[in-house]
Every structure is written in structure tokens, then in C-alpha cells.
Amino acid sequence: MLNEKIEKALNDQINEELYSYYIYLSMGAYFNAESFDGFANWMELQAQEEQEHAMRLFRYVNDRGGRVKLQAIEEPKTDWNSPLDAFEDAFDHEQYITGKINDLVDLAEEENDKATLQMLDWFIEEQVEEEATTEAIVDKLNMVGSSGSGMLALDRELGSRQVTDEEG
Ligand code: FEO
């Protein structure tokens with residue numbers, strides 16, 4: 001049985017993950033509108049991963065006899081100045097989410113909730129990957145700078161991203 005504090009914090013994290021879904025979907029819409037089909041593809045797959053993160057927590061709360069209570073999802077930003085601007089936001093967002101996962105770990109330690117700590121291990125590892133991936137794309141966009149051909153090559157590269165078994 002989950003204690004109330006943990007249940008509330010996990011429900012808040014479900015909301016954070018659903019907001020992550022929303023913000024990446026919004027970035028996907030921006031890239032579609034700008035005809036960067038590869039970046040759009042990457043963002044749509046990222047959004048799907050975030051939905052899966054929310055569902056992972058959703059199932060965990062249910063499995064522990066807790067009650068999932070969905071909350072309003074904040075309206076995401078809809079426009080960015082450039083692909084770099086959007087991916088910098090994505091990298092910042094992942095660092096913010098890492099902070100939220102770390103807060104959850106602190107709380108689970110305080111409450112001596114070992115099952116929640118074990119469940120959060122997956123998220124800790126996932127955040128290392130999420131930060132590394134978005135930071136690498138920011139680095140590449142900085143290298144590409146204003147080169148049109150470089151941007152198109154990167155768009156093609158990100159367009160090849162596919163859902164893998166490891167994701168989600
Ligand atoms: Fe669910 Fe990208 O953190």
C-alpha cells in the first residue's frame with residue numbers, strides 16, 4: 001500500500017510525464033509546420049516514449065493499491081525560433097525532469113519505501129539517456145550552425161529514428 005505522500009508525488013509525476021508528451025508533440029507540430037519532417041518524426045517518437053513513462057507510473061500506482069488521479073495538463077508552448085531553440089528547450093526540460101525524479105527518490109528514501117525506490121531506478125537510468133540524447137542533438141545543431149545542407153542532413157538522420165524495444 002502506498003502512503004499518501006508518495007501517492008501524491010507519483011500522481012504529480014504522471015502529470016509531468018504527460019506534460020512532457022504534450023511539449024514534444026507540440027515541438028513535433030512546430031517541425032511539421034516548418035517542413036522538418038525528420039525532426040518532427042523524432043519528436044513524435046519522443047512524445048510516445050513520454051506517454052509510456054506516464055503509463056509506467058500509472059500501472060505502478062495501481063499495482064501498489066494507490067489511486068491514480070489525473071490532473072490538468074499545462075498548455076505547451078507552440079513556437080520556437082529554430083530547431084536549435086526547440087532542442088535546447090528539450091534538453092532543459094529533461095534536466096528539469098531529472099530533478100523531479102531525484103526529488104521522488106529523496107521522498108521514497110525519507111518514507112523508507114523500497115518498492116518505489118526500486119521502481120525509480122529505471123527512471124534514473126532513463127534520464128541519463130534522455131539528457132545525453134537531447135544534449136547530443138543540441139551539440140550537432142550548434143555544429144551545423146546556419147548551414148542549410150547540414151541542417152537537411154541532420155533532419156534526415158533524426159528522421160530515421162524508430163521505436164525500439166528498449167524505448168518506453
Ligand atoms: Fe519522461 Fe523525457 O522524461
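Student: Why is Asp89 called partly exposed?

Tutor: Asp89 has 25% relative accessibility. Buried means under 20% relative accessible area, exposed means over 50%, and partly exposed is in between (1.4 Å probe, protein chains only). The value of 25% falls in that middle range, so Asp89 counts as partly exposed. Before we go on: this is a predicted model, in which local features need pLDDT of at least 70 and side-chain atom pairs count only at pLDDT 80 or more, while totals for chains, interfaces and linings use all residues. Residues are numbered from 1 along each chain as its sequence is written, and side-chain values use heavy atoms, with hydrogens and water left out.

Student: What makes the contact between Lys77 and Asp89 a salt bridge?

Tutor: A salt bridge is a side-chain nitrogen of Lys or Arg within 4 Å of a carboxyl oxygen of Asp or Glu. Here the N to O distance is 3.1 Å, so the pair of Lys77 and Asp89 meets the rule. Lys77 sits in the loop between helix 2 and helix 3, Asp89 in helix 3, and the pair, 12 residues apart, links distant parts of the chain.

Student: What about Glu157 and Lys140: what makes them a salt bridge?

Tutor: Their closest N and O atoms are 2.7 Å apart, so this contact passes as well. Glu157 belongs to helix 5 and Lys140 to helix 4 (residues 114-144). Glu157 is partly exposed at 41%, and so is Lys140 at 31%. In total, the structure holds 7 salt bridges.

Student: What are the secondary structure elements of the protein?

Tutor: There are 5 helices and 0 strands. Helices (H or I, at least four residues) and strands (E, at least two) are DSSP runs, numbered from the N terminus.

Student: How do you know how compact the protein is?

Tutor: We use the radius of gyration, taken over C-alpha atoms, and the globule rule, 2.2 Å times the number of residues to the power 0.38. The protein has 17 Å, close to the 15 Å that the rule gives for 168 residues, so the protein is as compact as a globular protein of that length. Its C-alpha trace spans about 55 × 25 × 25 Å along the principal axes, and 46% of the residues count as buried.

Student: Why does Asn112 count as exposed?

Tutor: At 54%, Asn112 is also over the 50% mark, so the label is exposed. Asn112 lies in the loop between helix 3 and helix 4. Its phi is positive too, at about 55°, although Asn112 is not a glycine.
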